Amino acid sequence: MSSSPNGDNVTITLGVEEELFLVDPDSRDLLSDPDPRIFEACGEAAGGQKIVHEFLRSQIETNTAVHDSVAGVREGLKAARRLVVEAAQAHGAAVIGASTHPFAAWEAQLPTPKDRYHQFASTYQETVRRLVICGMHVHAGFGDFDTRVRVMTALRRYLPLFIGLSASSPFGASRESGFKCNRLNLFEAMPRTSIPGPLNSRAEYEALVGEYQRMTFITDGSEIWWDIRPSHKFPTVELRICDTCPAIEDAMCIVALYASLIRMLARRDREGTLHPEPPTEIIVENKWLAQRYGLLAFLGDTRRGGRIDIADQLEELVDELAEDARALGCEQELRHSLTIVREGSSADRQLDLYRLRLVEGASKDEALREVVDLLVSETGADLEGASPNQS
């Protein structure tokens, strides 16, 4: 995928999973039992993409093909999203790419009738029934298993930045949650979530999975739901911490930042120059700050001590990653992170519109419905020219 000026080759493959909501165009509420022809139409036309059911019937998940460039991911992501948007429109639904719905009630949702989901509901009870949330997962394939585990560990300190940039879940139960990323508050009621501890090899990871299995907590690694993990199915490291981004440009910024960080950290791993790991507890503290305040967070500075504005940290990081972004052909996508800082995340846009409409005299329900309209508009924007047969 890329070649650095000193001749070192770093090959990275990328793929993205997006979880989306299906909504009623009239009520703007979630469709608890959408027309099954939406899924049938997606399956017939998917081409290089894969469209699947999720835990709730009101959700739909897109999976891009594997790409060897950030530009390829863009086309795959657009093609998959366009496929879902057009199928939904043809069968009485609209689509929002956000991690929570502003006012949908979890009690009204219906699970997808699959054995795996039935087992989840039986085991986790109300914890999983309350998970009316969507997320964006980015897979990156590179190096051998040991390298991927070490780079995964080195990536942990940067995870709060991904929360700030992708945040799209400020509402819960028809009210402001007080968090820019409320999705993680809900998800972390589940076991085996949040930031993993430091791991240095495949052997360490597999020993931990083996302990879980010996105690019959899990059947395999797919039931470890960390914010970042070695994929159980693919030879990749899976970034799972991000909210779903309604704007394609915001989603592509996440992909570019992730790929650029991997390229830099894989090189440092090869050179033996990775920075010492900060305590996991400090990373978790920074994560909470990013969930709560988004792009206004002042994080703990894991390099120099003290606190640092998340905006300043991102500006420093963009400069640090400039060479890697050039090699990957994603300089524009990486620099879009600074635009998000300046103009706000999806969570900021949702809250700004909601508060403005209240000031202008709208009722709370009217304002929340307009937030859904904003999300529908952003999710369906900039999809022209995308073909489902992208691969």
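## Surroundings of Gln 109

Leaving aside residues up to four places away in sequence, Gln 109 is in contact with Leu 30, Ser 32, Leu 56, Ser 58, Ala 104 and Val 132. With one of these, Ser 58, the contact includes a polar one between the two side chains, at 3.1 Å. The model is a predicted one.

Gln 109 sits in the loop that runs between strand E6 (94-96) and helix H3 (115-124). Its relative accessible area is 10%, and the cut-off for buried is under 20%, so Gln 109 counts as buried.

## Glu 107 in the loop

Glu 107 also belongs to the loop between E6 and H3. Its relative accessibility is 56%. Exposed means over 50%, so Glu 107 is classed as exposed.

The side chain of Glu 107 makes a polar contact of 3.5 Å with the side chain of Trp 106. Along the chain, Glu 107 and Arg 130 are 23 residues apart, and their C-alpha atoms are separated by 7.7 Å.

## Packing of H5 and H9

Helix H5 (residues 145-155) packs with helix H9 (residues 248-271) at an angle of about 115 degrees. The axes of the two helices are 9 Å apart, and the crossing of H5 and H9 is right-handed.

On the H5 side, the contact is made by Thr 147, Arg 150, Val 151, Ala 154 and Leu 155. These meet Tyr 258, Leu 261, Ile 262, Leu 265, Ala 266 and Asp 269 of H9. By residue class, the contact of H5 with H9 comprises 8 nonpolar, 1 polar and 2 charged residues.

Definitions and conventions: Residues numbered from 1 in each chain as written. Predicted model: local features only at pLDDT ≥ 70, side-chain atom pairs only at ≥ 80, totals over all residues. Heavy atoms only, no water. Helix = DSSP H or I, 4+ residues; strand = E, 2+ residues; numbered from the N terminus. Buried < 20%, exposed > 50% of the residue type's maximum accessible area, 1.4 Å probe, protein only. Polar contact = N/O pair within 3.5 Å; in protein donor to acceptor, adjacent residues only side chain to side chain. Contact = heavy atoms within 4.5 Å. Axes fitted to C-alpha atoms, helices over the stretch in contact; angles between N-to-C directions. Left-handed = near helix turned anticlockwise from the far one by under 90°. Nonpolar A, V, L, I, M, F, W, Y, C, P; charged D, E, K, R; others polar.
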